[in-house]
Amino acid sequence: MAATFQVFRVIHGRRFGRILVPAMTCQNCSQSPRPCISATQPHSFEQRWRHQVRGYRTSPAWHSYYLTPPQINSILKANEYNFKVPEFDGKNLSSVMGFDSNQLPANAPIEDRRSAATCLQTRGMLYGVFDGHAGCACAQALSERLFYYIAVSLLPHETLMDLENAVESGRPLHPILQWHKHRNDYFSKEASRLYFSSLRTYWQELLDLSVPGEQPDVAEALLSAFKRLDNDISLEAQVGDPNAFLHYWVLRVAFSGATACVAHIDGNELHVANTGDGRAVLGVQEPEVKRVRSEHPLSEAKTVVKQDRLLGLLIPFRAFGDVKFKWSIELQRCVLESGPDQLHENEHAKFIPPNYHTPPYLTAEPEVTRHHLRPQDRFLVLGSDGLWETLHRQEVVRIVGEHLTGVTLGQMQGLLQERKARISSTFEDQNAATHLIRNAVGSNEFGMVDHERLSKMLSLPEELARMYRDDITIIIVQFNPHGNNKW
Amino acid sequence: MRGGVCSIRALAPVLLPRWLCGPRACPAHLHGSVRFLSTDSVSAALPARARVVICGGGIVGTSVAYHLAKLGWTEIVLLEQGRLGAGTTRFCAGIVSVAKPLSVESKMADYSIALYERLEEETGVKTGFVRSGSLCLAQNQDRLLSLKRLASRLKVLGVSCNVIKPKDVARLHPLVNIHDLVGALHLPGDSVVSPPDVNHALAVASAAHGVQIYEHTSVNHVVVKKGHVTAVETDRGSIECEYFVNCAGQWAYELGQSGEVKVSVPLHGCEHFYLLTKPLSEPVQNDSPVLIDMDGRIYARAWHGGILSGGFEKNPKPIFTEGRNQLEIQNMQEDWDHFEPMLSALLRRMPGLESCEIQQLVNCPESFTPDMRCLMGETPGIYGYFVLVGMNSSGLSFAGGAGKYLAEWITYGYPSASVWPLDIKRFGNLQSSRTFLRHRVMEVMPLLYELKVPRWDFQTGRQLRTSPLYDRLDTQGARWMEKHGFERAKYFVPAGKDLLALDQSKTFYKPDWFDIVGAEVKCCKEAVCVIDMSSFTKFELTSAGDQALQLLQRLCANDLDVPVGHIVHTGMLNQRGGYENDCSVVRLSKNSFFIISPTDQQVHCWSWIKKHMPSDPQLHLEDVSWKYTALNLIGPRAMDVLSELSYVSMTPEHFPSLFCKEMSVGYANGIRVMSMTHTGEPGFMLYIPIEYALHVYNEVMSVGQKYGIRNAGYYALRSLRIEKFFAFWGQDLDSFTTPLECGREFRVKFDKDTDFLGRDALLRQRVEGVSRRFVMLVLEDHDTELDVWPWWGEPIYRNGELIGVTTSSAYSYTLQRHVCLGFLSPTNTDGSPAAVTADFINRGDYEVDIAGQKFPAKAKLYPFSSLFAQQKRRKDDMELSNFQSK
C-alpha cells in the first residue's frame with residue numbers, strides 16, 4: 001500500500017515545502033496531478049494493470065519545448081556521483097561494492113542533501129539522505145554534522161579518550177570520517193567552530209557515560225546521535241551566537257526542518273535510522289499515524305493528525321529542526337524577538353500552527369531497523385522520495401511471477417520484453433541513481449521512459465516544477481554478494 | 001504462491017517410507033518388499049562396516065546401488081544427506097533422450113530407457129514412464145546436418161530414428177509451429193518419466209536386494225590409508241568400507257576436497273530454469289513427443305496437461321562457486337528476466353501457449369564439467385574411491401547406463417564398454433581451480449545446444465599451460481587449440497590473411513584453413529617444419545638396480561631390453577590385451593627410461609604405472625612434463641638444420657632411426673635429440689630443458705631459413721599421421737583395442753623373458769583370430785569442395801551392410817583424398833562376431849556414411865607409403881607412433 005500512500009501525498013501537494021496552505025494545494029493539484037502519478041508509480045505488473053483499468057492518461061496540455069537527449073542527460077547527470085569500494089580491505093571481503101547517488105532539484109535552491117562517508121576509526125560506511133523543508137538550512141546542517149555524531153557515538157571509550165586528549169593537547173586529530181562528496185556538496189565554513197564545540201561536548205559526555213572495553217551498540221548509537229544533534233540544534237538556536245550571521249544561521253537551521261534517512265553498514269550488519277518520510281527499501285514500515293496519536297492526549301485526537309498531516313500542516317511525523325512544532329509558544333516568541341532582524345520579516349517563522357497545545361509534536365528520534373545482510377540483498381536504496389518503488393527489475397518481476405497466478409505466458413513475455421527494452425536505456429546511465437531518476441520523472445503510463453515526457457518534466461519553469469515533482473535524492477548502495485555469505 | 005506450493009508437492013519425491021530402515025508395516029502392494037524387511041536391522045543406527053558406501057541418494061547414487069546389488073554385492077550402504085532424490089533429481093525435467101554427442105552416452109541413455117521402462121513392473125512403483133518419443137528440430141541446414149550425423153551414429157547403435165520433414169513434425173505434435181523449420185529428427189524411443197518416482201523405484205529395488213539406505217546422514221570425509229579407502233566418516237559415526245562411491249552431484253567437488261587426501265572432482269553448478277504451465281484448455285496429451293529445439297535453445301515436454309519447458313541459455317548463471325553453504329538448493333530464486341529469451345523461443349515454437357497460464361518457474365541447479373561429459377570411474381591415486389557425477393543436465397538419461405558401467409567397473413575392474421571419454425582420469429588437479437570451472441561451465445552450458453562443428457575448441461579457461469615459445473608462435477600467427485590445459489598451435493595464419501574470417505570457420509564442409517594447412521604439409525614433405533609439441537606427457541623412471549626395466553617389461557608389450565639410446569614404441573596393455581596407453585620409451589641409461597605419452601595420459605598413465613609399481617624405495621617415477629619443451633623438426637631438410645647447429649652429421653648412417661642422443665644444439669647442451677617425428681616423415685624430436693627452449697627455437701629458425709623452414713601446427717601433423725595410418729590413443733585406440741586388431745603385432749614381443757600384462761589374452765586372440773580390424777578408408781568420389789567432410793563416428797558399410805565405424809579422419813594432401821581410419825567389426829548372421837581376415841577386407845565394396853550420404857571408399861590395411869618408392873627407406877623407419885591428437 002506504500003504506493004497508494006505515495007500517490008495520495010503527491011496529489012495533496014506535499015511538494016510545497018511541507019508547510020503549506022491547504023487551499024492552495026488543492027487548487028494547484030487539481031489542475032494536473034496525473035502526470036505525477038505515473039512518475040512515482042512502481043513499474044510493476046499490478047500497477048500497470050490497475051492503471052489501464054482506471055484509464056489514466058497523460059494530458060500534455062501545457063506549452064513546452066523539447067529538450068534534446070544530450071540536454072536531458074546533462075540535467076540528469078549534473079549531480080551524479082559514484083564511488084567504488086575496493087573489494088578487499090586487506091582482511092575481509094567488503095560487503096559493500098560501492099554506491100551511486102544523484103539529485104534532481106525541483107526547488108531552487110534544492111532542499112535535499114545527501115552524505116556518504118566511511119568511518120575510519122570504526123568499521124562501516126554511512127549513507128544519508130536529508131530532505132529539507134521550509135528551506136535547506138536544516139538539511140544542510142544535518143548533512144555536515146549527523147555523521148560525526150554517529151561516528152563519535154560508535155567509538156569505544158579508549159578512542160574517545162585519545163580524541164579528547166589530542167584536542168586537549170592541541171595535537172592533530174586522526175580523521176574520523178572519510179567523506180565521499182560530489183563537487184556540489186558543500187560544507188559551510190562559518191559554523192564549523194560552533195559545530196565542533198557542540199560535538200566535543202557530546203563526546204565528553206559520552207566519555208563520562210561509556211565504560212572502557214565496551215563496544216557501543218550501533219542501534220543505540222544511532223538513536224543517541226540523532227536525538228543529540230536535534231537537541232544541539234535546538235539549544236544553539238536558543239542560546240544564539242554573538243556573531244550576527246551565525247545567530248541568524250542557527251535560527252534558520254532550527255526553524256526549518258529536515259527528515260533524515262541514514263544507513264550504517266558494517267560487514268553484514270545493516271542499520272537504517274529513519275526520521276521522517278524518507279525511506280530505505282530494506283527498511284520496515286510502521287504505522288506512524290498510530291504512534292503519533294498515542295503520544296498526545298485524547299482531546300487532540302482529531303487535531304493532531306488532520307488530513308494525514310501533523311496538525312494539518314506537516315507531512316513527516318518525525319523531523320530534525322522544526323522547533324515550531326517542538327518549542328512552547330512562549331519560547332518561540334522569546335527566541336524570535338531576540339533574534340536578528342532578518343527573522344522578523346519571515347512570516348513563516350512567526351506563524352504558530354493552529355491547535356498548538358501540547359508541544360513537542362515532533363521528534364527527531366529515529367526508527368532504527370537492523371537487518372542482517374544476506375547474499376540475495378544486492379542493494380539498498382535510500383531515497384528522499386517514493387522512489388524505491390520503481391526499483392528492482394528482478395524483484396518486481398519475481399513478485400509478479402510468484403504472486404499473480406493466472407498470468408499467461410503471452411502476458412509475461414510482453415512484460416519481460418518491454419522491460420528488456422527499458423533496461424537497454426540503462427546503458428545511457430552508468431549511475432543507477434540517475435537511471436532511477438530518469439524512470440521516476442520520465443515514465444509514462446506504460447512504465448516506459450518517454451522522451452517527450454522527460455523533456456517536459458525537466459524543462460518546467462522554476463515556479464511550476466515544484467508542482468509536478470519534488471527534489472529527488474537517491475543513494476544506491478550495492479552490496480557484494482560474495483561478501484555477505486560468511487556468517 | 002498457491003501455484004508454487006502445489007507444484008512443489010507435485011514434483012516432490014514420494015517420501016520413502018520409514019520401513020526402508022526399520023521393520024514396520026509391510027506395504028503389500030510392493031513386490032519384493034518382504035525380503036528386505038526381514039533382513040533389516042531394528043534400529044536406524046549405521047552399520048559399523050560395509051563393503052561399499054555410496055554417498056548421494058539421487059538418481060545416480062541409487063542407480064549405482066541398484067546395479068551393484070544386481071551384480072551380487074552385499075553390504076552396500078547408501079547415504080543421503082537429506083531425503084532421497086532431494087537434490088537435482090527432484091527438480092529435473094524428466095526427459096530421457098538418446099540424442100547425445102557421444103556414442104557411449106547414447107548407449108547409456110538407451111539402456112536407461114529400457115531400465116526405467118521395466119522398473120515399474122519390477123518394483124510396483126509408478127514411475128510415470130511414457131515412451132513419448134522426441135523431436136529434435138532443425139531451423140537451419142547446418143543443424144539438420146548435425147542431426148543427420150547423429151542419426152547415422154544412432155543407427156550404428158541400433159537405435160531407431162528418422163529424419164523427417166516439417167509437415168511430419170506438425171502431424172506428430174500439432175502445437176508446433178513449423179514455418180521456420182527445415183526438418184527434424186524423430187526418436188520414437190525417447191521417453192519421459194517422473195524423476196523422483198524413478199529415484200524412488202530404484203531405491204525400493206535396491207533395498208529389496210539388501211542395500212541399506214540411510215537418509216539425513218551426510219558424509220564428512222573419506223578416510224584413506226596407504227592409498228586405499230578404509231572408512232567413511234559421517235555425521236552419525238563412521239563406517240569401515242572397501243569401496244566408496246561419490247555420487248554427491250553438486251557437492252561432489254567439496255566432498256572430494258574434504259578428505260586428508262584430496263580428490264579432484266572438476267565440476268561446477270549452474271542455475272537452470274524451466275517453466276511449468278497450467279493445463280491447457282485442451283490438455284496436452286501425456287504421450288505427445290518431447291520437443292528439443294536447439295536453435296531456440298529450448299526443450300519442452302507434456303506435463304500434467306500443460307507444458308514443461310526449459311532451456312540452455314547463452315548467459316548461464318554459475319552457482320555454488322564458494323561451496324554448499326551459500327544457498328540451499330531448495331531456496332533457489334527464479335529469474336524471469338533471465339528466462340525471457342527461452343520464453344520467447346517457446347512461444348515462437350508453440351504460439352498456442354500464449355494464452356496458457358503460468359504455474360511456476362523452477363530453478364533447478366545442474367552440475368557441469370569442463371568438457372561437457374560426465375565424470376566416471378576410479379580416482380587416480382586412491383584405490384576404491386569411485387566417482388559418478390557431473391551429468392551436465394542429462395543425469396536422468398545417463399543414470400541407468402552410467403550406474404551399470406560403474407557397478408561393472410567396481411566389480412570387474414573395468415566396465416563392459418570403453419568409457420575413456422567419461423573417465424575421471426582424463427582430468428587432473430589442474431582442472432580443479434574454482435575460477436577455471438566457473439568460467440568454463442559458463443561456456444559449457446550454452447554449448448549443450450549449440451551447433452558443434454568439427455574441431456571446435458573451448459574459448460574459456462585457456463592459456464593455463466603454455467610452452468615457453470607461446471608468445472613467439474602467437475606473434476607469428478598461431479591459432480590455438482587446447483589439450484589438457486595446454487595450448488597447442490593448430491596452424492599458422494600467414495601475414496596478410498583475413499584473420500577475422502578465419503576465426504569464424506564454423507562449417508561441416510571445407511574449412512577456410514584448408515590451404516594454410518596444405519602449405520604446412522607441403523613444407524613438411526619437401527623442406528622442414530617445426531612443431532611445438534611440448535604438451536606431451538613425459539615421465540622418467542629410474543632405479544638403482546634393474547627394477548625399472550623389470551617394471552617396464554611387465555607393463556609394455558614390446559621388448560624394452562634394448563641398447564642404451566634406443567627408442568621403443570610400445571603399448572601398455574591391460575589383462576585383456578587392450579591399450580591402456582600407447583607410448584614411446586627411450587632407454588636413457590641402463591636403469592633409467594624416458595616415457596613419452598599422449599598429452600591427456602598425464603593422469604591416467606601415471607596412475608596405471610603407479611598401480612603396478614612395487615613399493616620399492618629404489619624405484620622412482622617422476623613426471624617431467626614441465627621440464628622439457630619438445631620441438632618436432634619434420635621434413636627431409638631437418639637433418640641439415642640440426643647438423644649445422646651441432647656440427648654433427650645427422651644422416652641416417654650416423655643417426656639411425658628410433659635413436660636418442662644427448663647433444664648440443666646451438667649453445668645449449670644436453671638436448672635430447674630423437675630420430676622420430678610421430679608422423680612417419682623423416683625428422684627429429686628435440687627434448688629441450690625449458691630454459692634453453694627459446695634459444696634453440698631461435699637458432700633452428702634462423703639456420704633453417706635457408707632450408708625454407710616454417711612453423712606448422714597440429715592440423716598438419718594430423719593430416720600427416722592419418723595418411724600414414726598412424727592410430728592415436730584416445731581417438732582410435734582404447735582399452736578395448738588390442739595390438740592385433742590394429743596391425744601392430746610387430747610391436748608385441750611374445751617371446752621376451754617377462755610375462756607382460758595382456759600376453760595371455762593376445763596369445764588367445766592370435767589363435768582365435770581377430771573379430772575387428774583397424775583399417776584405413778580412402779574416400780572416392782568425395783568432392784572436397786562441395787561435400788560434407790567426414791569427422792569421426794561415421795558408419796562404414798561393406799557390400800551395403802553396416803560393418804563398422806570410423807574413429808578419425810583427415811584430408812590427405814598427398815593423396816588429395818579424404819582418409820578415414822576406423823574399425824570393421826563384422827558379425828555372422830546369428831549376430832556373433834565374425835573373424836576378420838585380410839582377404840575379407842580386400843574383397844568388399846566399402847562406403848562411408850557421412851550425414852546420411854554414402855561415399856564409396858577403398859579399404860587399406862597398410863599405409864600408402866609402404867607401397868611406393870620410398871618403401872625401402874621406410875622399412876626400418878616404421879615408427880607407427882601416434883599420440884599426436886587430432
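Helices here are DSSP runs of H or I with at least four residues, strands are runs of E with at least two, and both are numbered from the N terminus. Axes are lines fitted to C-alpha atoms, for helices over the stretch in contact, and angles run from 0 to 180 degrees between N-to-C directions.

Some ground rules. This is a predicted model, where local features need pLDDT of at least 70, side-chain atom pairs count only at pLDDT 80 or more, and totals for chains, interfaces and linings use all residues. Residues are numbered from 1 along each chain as its sequence is written, and side-chain values use heavy atoms, without hydrogens and water.

Chain A, then. Its secondary structure comes to 19 helices and 14 strands. Of its 487 residues, 57% count as buried, meaning under 20% relative accessible area with a 1.4 Å probe, protein chains only.

Now a helix pair in chain B. H15 covers residues 514-526, and H20 covers 714-723. They pack at about 60°, axes 8 Å apart. That makes H15(B) oblique to H20(B), since angles under 35 degrees are roughly parallel, over 145 roughly antiparallel, 65 to 115 roughly perpendicular, and the rest oblique.

Who meets whom? Contact means heavy atoms within 4.5 Å. From H15(B) come residues including B:Val517 and B:Cys524; from H20(B), B:Tyr715 and B:Leu720 are among them.

Technical notes: Chains lettered and ligands numbered in written order. Buried < 20%, exposed > 50% of the residue type's maximum accessible area, 1.4 Å probe, protein only.
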